Amino acid sequence: MAPFPSHFPRSFHFIHTRTIPLRIGPHQLKNNLIVAPMAGVTDRPFRQLCKTMGAGMAVSEMVASNSLLWGSEKTKRRANHDGEVDPISVQIAGADPQMLADAARYNVDQGAQIIDINMGCPAKKICNVMAGSALLKDEPLVARILKAVVGAVEVPVTLKIRTGWDRDHRNALMVARIAESSGIQALAIHGRTRACGYSGEAEYDTIAAVKAEIRIPVIANGDITTPERVKQVLEYTKADAVMIGRAAQGRPWMFREITHYLETDRHLPPPAVGEIHRVLVAHLHDLYGFYGELTGVRVARKHISWYTKGLAGSAAFRHGMNQLQTCAEQIKAVDDYFAELSDLGERLIYVEEPGAMNKPGCIEVEEPAELAA
Ligand SMILES: Cc1cc2nc3c(=O)[nH]c(=O)nc-3n(C[C@H](O)[C@H](O)[C@H](O)COP(=O)(O)O)c2cc1C
């Protein structure tokens, strides 16, 4: 299905999109732009950076509901919100209502101010245990999970789903009704079915249909990569907010660009090379502090790769980056590369397609071994 029907206008330059900042329970966000949960990406340093560069909220990587894992380094790190800007939204994943309720309580004790339930991730290791988007197949179980989690915590509970199990079973509307009657306070919908994985284009008709039916806030997600697309999706679906995943990788400043565009119908100029150099170096130091040198250097590689993708000379730079093993070497290489870039011009210039996204997504993303523990 095409994302928009053919009669749908592609350009909204003449329409001012008046967006109302999203409210989730007691939490008034500064706008309606949300960073999507991405395992291996939306760690505390990245969430914090996106929030300071304009995102209204950023959902954490998912935390397993299995309490046996709560003592692991990975889960402890995922539950660490020290210094994070409010509201702190933590995603939990699992299939057992009681375990999910316990996980919600545990994360609230660790500082979560919003609990998000993952029924959107198609990852095999999640779906094989009937969690993530596999849950959409079993509506009575969805109802039991939502009731258990909402009843377990005082904070608002939100839900993230896909449009259905497969193209013949698009049951987002049914699940949305269950969510609303269970006390869920916002619903994010990725405009693909579980079976679609990340193939094809996201469609927004199902999101529009859900928004027309239910009263809780609806958050549109899937293939939203530019300010224009944000505007189109908000206008078309009437959704209360948009959620952005892959397009924000290596571009945390895109949230201020979107805000500017929605307010003025004009684009900000590309960011200055010097500013993005400073942002990246600060991000790297935050990663090294959060993960330690060994893991920090490995996690940093993919962020450096995303920041520089499409910039002049970046392919050779990225290749060299993978050989470097220490924080000091990485920082020096980044400094040298940005010094070369600044010789080419004051502002970032993309010589390749800038919106190129990380296609593998949630299905094939491999985390460094240290993170998988
Ligand atoms: C690397 C990666 C990890 C993801 N991890 C999660 C996750 O933990 N929980 C979840 O609900 N969705 C996860 N997703 C799905 C995203 O939240 C989002 O729904 C999807 O990428 C579509 O949005 P986009 O087109 O803006 O990227 C992940 C996606 C990617 C690319």
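Here are some friendly questions and answers about this predicted model.

User: Let's start with the overview. How many helices and strands does the protein have?
Analyst: Happy to begin there. This is a predicted model, and its chain holds 373 residues. Counting its secondary structure elements gives 15 helices and 10 strands.

User: What percentage of the residues count as buried?
Analyst: Buried means under 20% relative accessible area. The accessible surface of the protein comes to about 15400 Å², with 54% of that belonging to carbon and sulfur atoms. Of the 373 residues, the share that counts as buried is 58%.

User: What share of the contacts with a separation of 6 or more comes from residues 24 or more positions apart?
Analyst: A contact here means heavy atoms within 4.5 Å. Among contacts in the protein with a separation of 6 or more, residues 24 or more positions apart account for 71%.

User: Is Val334 buried or exposed?
Analyst: Val334 is found in helix α13 (residues 327-344). Beyond its neighbours within four places in sequence, Val334 is in contact with His277, Leu280, Val281, Leu284, Ile304, Phe317 and Met321. Its relative accessible area is 0%, so Val334 is buried.

User: How far apart are the C-alpha atoms of Val334 and Thr308?
Analyst: Thr308 has its place in helix α11 (residues 293-308), and at 0% relative accessibility it counts as buried. Leaving aside residues within four places in sequence, the contacts of Thr308 include Tyr337 and Phe338. Val334 and Thr308 are 26 residues apart along the chain, and their C-alpha atoms are separated by 9.7 Å.

User: What is the C-alpha to C-alpha distance between Leu341 and Gly313?
Analyst: Leu341 is found in helix α13 and is buried, with a relative accessible area of 7%. Not counting residues up to four places away in sequence, Leu341 touches Val273, Leu311, Ala312 and Leu348. Leu341 and Gly313 are 28 residues apart in sequence, and the distance between them in space is 8.6 Å.

User: Why is helix α1 described as largely enclosed by the rest of the structure?
Analyst: Among the buried residues of α1 are Arg44, Phe46 and Leu49. The buried residues of α1 pack against β3 (33-35), β4 (57-64), α9, α10 (273-291) and α11. Helix α1 (residues 44-52) is largely enclosed because its buried residues number eight of the nine.

User: Which elements do the buried residues of α7 pack against?
Analyst: In helix α7 (residues 205-213), the buried residues are Thr206, Ile207, Ala208, Val210 and Lys211. Their packing partners are β7 (157-164), α6 (172-182), β8 (186-193), β9 (218-221) and α8.

Terms used. Residues are numbered from 1 along each chain as its sequence is written. This is a predicted model: local features need pLDDT of at least 70, side-chain atom pairs count only at pLDDT 80 or more; totals for chains, interfaces and linings use all residues. Side-chain values use heavy atoms; hydrogens and water are left out. Helices (H or I, at least four residues) and strands (E, at least two) are DSSP runs, numbered from the N terminus. Buried means under 20% relative accessible area, exposed over 50%, partly exposed in between (1.4 Å probe, protein chains only). Accessible areas come from the Shrake-Rupley method with a 1.4 Å probe; for residues, only the protein chains shown count as cover.
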